[in-house]
Amino acid sequence: MSKTILEMRGITKTFPGVKALQDVNLDVVEGEIHAIVGENGAGKSTLMKVLSGVYPHGSYEGEVVFEGNECHFKGIHDSEKVGIVIIHQELALVPLLSIAENIFLGNERARNGVIDWAEVRNGARKLLETVGLDEDPDTFVTHLGTGKQQLVEIAKALSKKVKLLILDEPTASLAEKDSNALLDLLVSFKKQGIASILISHKLNEVSKVADRITVLRDGKTIETMNRAEISEDRIITSMVGRPIEDRYPARTPQVGETLFEVKNWVVHHPIHTERQVIKGVNLNVRKGEVVGIAGLMGSGRTELAMSLFGRTYGHAISGDVFMNRKPVDTSTVRKAVDAGIAYVTEDRKTYGLNLIDHIKHNVSIANLLGVSRGGVIDDLKELKVANDYRARTNIRSSSVYQLTGNLSGGNQQKVVLSKWLFADPQLLILDEPTRGIDVGAKYEIYTIINKLAGEGRGILVISSEMPELLGICDRIYVMNEGRIVGELAGDEASQEKIMRAIVRGEGKTA
Amino acid sequence: MSSETVNSAAPGARSSVRAVIQSNLRDYGLVVALLAIMVFFQFTTNGTLFKPVNLTNLVLQNSYIIIMALGMLLVIVGGHIDLSVGSVSGFIGAVAAILMVEYGFNPLVAGVLCIMLGGLIGASQGFWIAYLKIPSFIVTLAGMLVFKGLSLAILGGRSVGPFPPEFQMLSAGFIPDVFGPIAIPQGGAAPITLHTTTLVIGIAIVVAMIYFSLTSRAARERHGYEAEPFALFAVKTAVIGALILFFTYTLASYRGIPNVMVVMSILIALFVFITKMTTLGRRIYALGGNAKAAQLSGIKTERLTFYIFVIMGALSALAGLIFAARLNTATPKAGQGFELDVIAAVFIGGASMAGGVGQVAGAVIGAFIMGVMNNGMSIMGVNIDWQQVIKGLVLLGAVVFDVYNKNKA
């Protein structure tokens, strides 16, 4: 069983001015789940790009040996040919093609260029069965949720006779239930001799399923742990180079009077307009309070937040919003911002940043009036603001003129936060504020949240990671199927109680 | 941290000249390309290109393209395209001719009405694009056909002209020489008379440019921010200053600055100002860079898109007036194919098809590159068919250079 199928020896990859990887070693044995962990910018993705041929042979030093043969991949095609398939964080599916078409994309079941549809459907059906996805192969991918799309990606990999499956943050955008199903699937692949490399920031998952864990830090291999040695604390110590005593910074809450209140909030689906997505939500946030919203994927948390923030989601919205006990109009983003509300999106690349512009311009964009007079921007003032927030949120970059597209996830998140901090909101809605970012950056984000609450602002945090909510919130609302189904004080909340509220809520809506 | 910065200060200063050049390779490359093309044609046309009369012609021939390129830059940076600008400018030329020639409108009144009509046309197209989310390519393709057809219809297939002399002055006139000409004796040959006002304006522009770049540089340094290396700054300023002086001297030795150039220069300055220094400009870049993020940052993206097309419409109208005044007649064929030159100019100037990237200066230089090639090849006697081929290849080459450059970075 313990035949080594992959060996990467002495991999060094240099970009102009930076050594991204330095003498990295990695070996994977047949049928194991090998996790790679490390902070953002530690070199995980670079290493995988070397392995899959995105960086062609010759652009790096060291050697890649797969099944005993030294590999000279010129591109991703070459690595797929020998059975190495990588599934990226950003899924590479074509939304307006069917599941079956996506599975065989680039690998069509065809004779002389004519597609054999019967074989395509049957093949797809078989693969879907293997990954446990109960959908018609003719369904368009766009109609599937992220969790199911991920399964389609894996089915696609299986269709290519995969021997080594690489998953880059596969569960970053999945709710706990879907994540578990996915991880179980990886475990079941072991029996078929398929090895997996799992890149993840979710240490609890990694320590649950991984046979071995390799830790990267600053482009170097720090250590490879065996199953018996794995513990979350040890991983963290190894990742950050120092032990983190507490993953959540301490805070003494100073909760004031009610700042923000929502009453009878009802939102309908933008396309299926008769369907209620948010069914009469009531909630409030007090000054200096960190309030969490827990719930599964699809429970309506993001929809609630976006409908409150300038009605950027939904249709036929009704209900009342109060700030400082006065009714406010949040019907456009501008009005919501003027009322003192900010919304930090869960998807910073699509909704949060202008990736082709630099930090300075991204920080000022939500509050241009703050750096201009009579419509003319004061360049020096803007520069000062950007530098100021760069320091305050500890954005690691060469300067404020670095493009946000070139920053790591954690630093991008800090830019989005800076943007909204500069708009000086009273209520900050943070949607999955630490998704896909590493332990060190998470700690920094929590510290910022605490500081903001300390300044008397209200914070509303949406998160799929329950430990995170339990770690930072004074109060937690539990949402399910568009309703608030529970409200727990921070000190009495537990994962179990949250889950119980969700399950109870499910019974109620049926 | 601090010791590191102190230590690296000396070698950093030297390498940063290279760094600045590298990071601005595209901008410098564009200017160098324009100069190289000019020098090339100066030789191949036996010195005709830089002759005062030809340089004046070059400005007159390209003014309407440049004016439309300014609006097109906003459209393309905003993530859209406008294929209708040629037809709209032709249509407005036709309307102007009907108003002035057939109904005897005062040229100023007619001009203002025409520009307002242009804005209205832009609004009518922008409405579909901004609020109903119809792709701009389709809306303006429709507009292109509609206004081409309408100008044929209102002209009834004929050419209408000539325009009143005051209106012709827009394209044929030159600024008055308030100081009176001066003559420079040339030994035995005929003396060169110079348009003094033009010279004075040229010198004033150079002085103002040096003053403003020095003060803004000083302000940056006073606040402790890095400015570009002084050597580079000095060379850049000197080259630009010398070019302006040479250019105005050449114009002065013919008939001075054409009226159209005044209009064009003011518009260029205005658009540089808008794109670089105003919240309006910043919002347009944000819109093109990531429309969803812009909207979620509180930018009214729909209204912004709408206004971009209104501006484009008004500028197309102005360009149409200038072109009509230049031909001194409105013909049904006026404006045809202008959209391609305008769009090409903006892309040669470094704008990105995907939006969010592009500079006014780039678009203007891009337009001049096309203009100099048109002019130079015509003087050389290159056939119109081959001119098209060469222009097409230059457009492709410029964009390939751009993409290659970006991937390398």
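A residue is called buried here if 20 or more other C-beta atoms lie within 10 Å of its own, exposed if 12 or fewer do, and partly exposed in between, with C-beta atoms placed from the backbone. With 16 C-beta neighbours inside 10 Å, M277(B) therefore counts as partly exposed. The structure is a predicted model, in which local features need pLDDT of at least 70, side-chain atom pairs count only at pLDDT 80 or more, and totals for chains, interfaces and linings use all residues. Residues are numbered from 1 along each chain as its sequence is written, while chains are lettered from A and ligands numbered from 1 in the order in which they are written.

Leaving aside residues up to four places away in sequence, M277(B) touches V376(A) and I377(A), where two residues are in contact if their C-beta atoms, placed from the backbone, lie within 7 Å. Across the whole interface, 25 residues of chain A are in contact with 22 residues of chain B. On the side of chain A that touches chain B, the elements giving two or more residues are α10 (333-338), α11 (348-352), β20 (376-377) and α13 (379-392) of chain A. That side of chain A divides into 14 nonpolar, eight polar and three charged residues. In this grouping Ala, Val, Leu, Ile, Met, Phe, Trp, Tyr, Cys and Pro count as nonpolar, Asp, Glu, Lys and Arg as charged, and the others, Gly among them, as polar.

Chain B itself can be taken next. Its secondary structure comes to 16 helices and two strands. The radius of gyration of chain B is 23 Å, close to the 22 Å that the globule rule gives for 409 residues, so chain B is as compact as a globular protein of that length. This radius is taken over C-alpha atoms, and the globule rule is 2.2 Å times the number of residues to the power 0.38. Taken along the principal axes, the C-alpha atoms of chain B fill a box of roughly 75 × 70 × 40 Å. Buried residues account for 42% of the 409 residues in chain B. Of the contacts in chain B between residues at least 6 apart in sequence, 77% join residues at least 24 apart.

The domain assignment divides chain B into domain 1 (23-173 + 281-408) and domain 2 (176-257); such bounds come from an automatic or database domain assignment. The C-alpha centres of these two domains of chain B lie 27 Å apart. Five residues of domain 1 of chain B are in contact with five residues of domain 2 of chain B. On the domain 1 side, the touching residues are four nonpolar, one polar and no charged.

The axes of helix α11 (residues 279-289) and helix α13 (residues 301-327) of chain B come within 11 Å and cross at roughly 110 degrees. Axes are lines fitted to C-alpha atoms, for helices over the stretch in contact, and angles run from 0 to 180 degrees between N-to-C directions. The helices α11(B) and α13(B) are therefore roughly perpendicular to each other, on a scale where angles under 35 degrees count as roughly parallel, over 145 as roughly antiparallel, 65 to 115 as roughly perpendicular and the rest as oblique. R283(B), I284(B) and L287(B) of α11(B) make the contact with T301(B), L304(B) and I308(B) of α13(B). These contact residues comprise four nonpolar, one polar and one charged.

Some backbone details in chain B also deserve a glance. G161(B) and P162(B) are joined by a cis peptide bond, with omega about -10 degrees. P162(B) sits in the loop between α6 (136-155) and α7 (165-172) of chain B. K133(B), in the loop between α5 (107-131) and α6 of chain B, has a positive phi near 60 degrees in a residue other than glycine. K133(B) is exposed, with 9 other C-beta atoms within 10 Å.

Chain A has its own share of such features. Its domain assignment gives domain 1 (4-240), domain 2 (246-340 + 425-510) and domain 3 (349-424), and the C-alpha centres of domain 1 and domain 3 of chain A lie 34 Å apart. D218(A) is located in the loop between β11 (212-217) and β12 (220-226) of chain A. Phi of D218(A) is positive, near 50 degrees, in a residue other than glycine, and D218(A) counts as partly exposed with 15 C-beta neighbours inside 10 Å. Helix α9 (residues 301-308) of chain A is mostly covered, eight of its eight residues being buried. After α9(A) comes G310(A), whose phi is positive, near 70 degrees.

Terms used:
Helices (H or I, at least four residues) and strands (E, at least two) are DSSP runs, numbered from the N terminus.
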